[in-house]
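Me: I have some questions about the terms used for this structure. Please set each value against its cut-off and then conclude.

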Amino acid sequence: MIRLLLVAMLALLARPADAVTLEMNGAFTQGGIIMGRTDPGVKLALDGRPVRVSAEGVFVLGFGRDAEPDAMLVATAPDGSEERKALKVAKRSYNIQRIDGLPQKYVEPKPEVLARIRRENAGIKKVREIDTDRPYFAEGFIWPAKGRISGVYGSQRVLNGVPKRPHFGVDVAGPVGSPVVAPAGGIVRLAEKDLYYTGGTVIIDHGHGLSSAFLHMQTVTAKVGEEVKRGAKIGTIGATGRATGPHLDWRINWFDVRVDAAVLVPPLPPKN
């Protein structure tokens, strides 16, 4: 009898645990955004970084502009068992523009402006650290404005031989005063009318560290702390801040990871 019990126990120990559910959809590329679902109670980590999972098992994660080709997603079940899933991240090519012979004042801000820039950037960084538990993002996204695409994610200028910060948004050119709407539901975390670089600026928290920023707006009607629904008007297109013409610069972050908003929506239809 004892021998039979030992055999039965060994058989139970040898039986593999139930696999953790991991369903994912999105762009497995540099700048990509992945939304998924797992079993309630599972903990996730991407390359060691915790990924929030809702009570229903919904999660989101993102890859940066220059993300490495291999990533590891680790799922830890409530019983402590782990499942590891290797993710392949496709490399993208970006438009690099070189401009030489510019006066230096157009390459670097004046020293007296730097303090303002640092203060504003610190406020934006703090907003992007918010980790709201409600997955507003799961409802899907629409374009926040209509118009011609005039700038894309990942492009970069090299001015007088100095590589400048890459462009992390998608630009939609349109007339001043054209409406800007929330591409998905969320909570307004920032609403400023005159930031140095970005002018009229709104940031909406879509949950789990995913946030949208809307730059260069002519008017800002959104209010900090209000909950907005997808399609709700938050302001209008403008050319405020450091902009060369009227357009909306739409950006998305997963915490401090700058991802490509355009992967969340279908291509804009051509203008008649």
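Me: What makes Arg65 count as sitting over the ring of Tyr94?

Reply: This is a predicted model. In it, the charged end of Arg65 is 4.3 Å from the centre of the Tyr94 ring. A charge over a ring has to be within 6 Å of the ring centre and within 35 degrees of the ring normal, so Arg65 is counted as lying over Tyr94.

Me: Which ring does Arg49 lie over, and at what distance from the ring centre?

Reply: Arg49 lies over the face of Trp254, at 5.0 Å from the ring centre. The distance limit is 6 Å.

Me: How many aromatic pairs does a search of the whole structure find?

Reply: Five aromatic pairs are found. One of them joins Tyr94 and Tyr153, with ring centres 6.4 Å apart and planes at 65°.

Me: What parts of the chain does the pair link?

Reply: Tyr94 is in the loop between β7 (82-88) and β8 (96-99), while Tyr153 is in the loop between β9 (148-151) and β10 (156-159). The two are 59 residues apart, and the pair links distant parts of the chain. Tyr94 and Tyr153 also form one aromatic cluster with Phe168.

Me: Why is Tyr94 called buried?

Reply: Its relative accessible area is 17%. Buried means under 20%, so Tyr94 qualifies. Tyr153, at 4%, is buried by the same cut-off.

Me: How do you know whether Ser54 is buried or exposed?

Reply: Ser54 has 6% relative accessibility. That value is under 20%, so Ser54 is buried. Ser54 lies in the loop between β4 (49-51) and β5 (58-62), and touches Pro135 and His208, not counting residues up to four places away in sequence.

Me: What makes Glu23 partly exposed?

Reply: Glu23 has a relative accessible area of 47%. Buried is under 20% and exposed is over 50%, so Glu23 falls in between. Glu23 is found in strand β1 (residues 22-26). Not counting residues up to four places away in sequence, Glu23 touches Met35, Gly36, Arg37 and Phe59.

Me: How do you know that β6 and β7 pair?

Reply: Strand β6 (residues 70-76) and β7 share seven bridges in the antiparallel sense. Pairing needs at least two bridges, so these strands pair. Met72 has Ala86 in β7 as its bridge partner.

Conventions:
Residues numbered from 1 in each chain as written. Predicted model: local features only at pLDDT ≥ 70, side-chain atom pairs only at ≥ 80, totals over all residues. Heavy atoms only, no water. Helix = DSSP H or I, 4+ residues; strand = E, 2+ residues; numbered from the N terminus. Buried < 20%, exposed > 50% of the residue type's maximum accessible area, 1.4 Å probe, protein only. Contact = heavy atoms within 4.5 Å. Phe/Tyr/Trp six-rings, centres within 6.5 Å; stacked < 30°, edge-to-face > 60°.
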